[in-house]
Amino acid sequence: QVQLVESGGGLVQPGGSLRLSCAASGSIFNIYAMGWYRQVPGNRRDLVALITGGGSTNFADSVKGRFTISKDNAKNTVYLQMNSLNPEDTAVYYCNCKAKLHSYTNYVDYWGQGIQVTVSS
């Protein structure tokens, strides 16, 4: 199994910044990608940003130019730097890891428990 430990959420004023971290652990053979999704009550869980093992990134249009994603392969950790936050960014943010536990298995999506980000004055 893969365990994901998230940190860095909280309350921030509009225009402020937060940095989310997510560390993956367990008997991991390979990680294809790690990233962040977010969800508000009553809505679906949407992609925020994703980074592959090779460093390719994908961002939601709503966060382009404001959020950056980076990773530390040695620590199996992904970081989401969120700048110029606005109230529409308020959501529960979920870490996602696409990993395989063995060379002969498929990649599986693993999820963190979620971390609250609230942007409010």
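The model is predicted, so local features are described where pLDDT is at least 70, side-chain atom pairs count only at pLDDT 80 or more, and totals for chains, interfaces and linings use all residues. Residues are numbered from 1 along each chain as its sequence is written, and side-chain values use heavy atoms, with hydrogens and water left out.

Let us begin on the inside. In soluble globular proteins, nonpolar side chains tend to be buried together. A nonpolar core here means a set of buried Ala, Val, Leu, Ile, Met, Phe, Trp, Tyr and Cys residues joined through side-chain atoms within 4.5 Å. Buried stands for under 20% relative accessible area, exposed for over 50%, and partly exposed for anything in between, using a 1.4 Å probe and protein chains only. The largest such core holds 31 residues, and those with the most contacts inside it are Leu 4, Met 34, Trp 36, Leu 80, Met 82 and Tyr 93. At least two core residues each come from strands S1 (2–7), S3 (18–26), S4 (30–39), S5 (46–52), S7 (67–72), S8 (77–82), S9 (91–100) and S11 (115–119). S9 gives the largest share, 5 residues. Strands (E, at least two residues) and helices (H or I, at least four) are DSSP runs, numbered from the N terminus.

Contact means heavy atoms within 4.5 Å. Not counting residues up to four places away in sequence, Met 82 touches Gly 16, Ser 17, Leu 18, Leu 20, Arg 66, Phe 67, Tyr 93 and Val 117.

Next come the cysteines. A disulfide is taken to be a pair of cysteine sulfur atoms within 2.5 Å, and by this rule the count is 1. This disulfide joins Cys 22 to Cys 95, with an S to S distance of 2.0 Å. Cys 22 lies in strand S3 and Cys 95 in strand S9, so the pair ties together parts that are 73 residues apart in sequence. The torsion about the S-S bond is about -85°, so the disulfide is left-handed. Cys 22 is buried at 0% relative accessibility, and Cys 95 is buried at 0% as well. What about Cys 97? Its sulfur is 6.8 Å from the closest cysteine sulfur, in Cys 95, which is too far for a bond. Cys 97 is buried, with a relative accessible area of 0%.

Gly 35 is buried, with a relative accessible area of 0%. Leaving out residues up to four places away in sequence, Gly 35 touches Ala 49, Leu 50, Ile 69, Tyr 94, Cys 95 and Asn 96.

Now for the loops. Most residues other than glycine have a negative phi. Asn 76, in the loop between S7 and S8, is not a glycine but has a positive phi of about 50°. Asn 76 counts as partly exposed, at 28% relative accessibility. Ser 84 also has a positive phi of about 50° without being a glycine; Ser 84 lies in the loop between S8 and S9 and is partly exposed at 42%.

The C-alpha atoms of Ser 84 and Gly 16, 68 residues apart along the chain, are separated by 5.5 Å. Beyond its neighbours up to four places away in sequence, Ser 84 touches Gly 15, Gly 16, Ser 17, Arg 66 and Asp 89. Gly 15 sits in the loop between strand S2 (10–12) and S3, and is exposed, with a relative accessible area of 54%.

Finally, look for open space. A pocket is an open set of points on a 1 Å grid over the protein atoms alone, where a 1.4 Å probe fits, with protein on both sides within 12 Å along at least five of seven lines; lining residues have an atom within 4 Å of a point. The largest pocket has about 160 Å³ of space, a volume being the space filled by probe spheres set on the points, which are joined across faces, edges and corners. Its lining includes Arg 38, Gln 39, Asp 46, Leu 47 and Ala 91, and the largest share, 3 residues, comes from S5.
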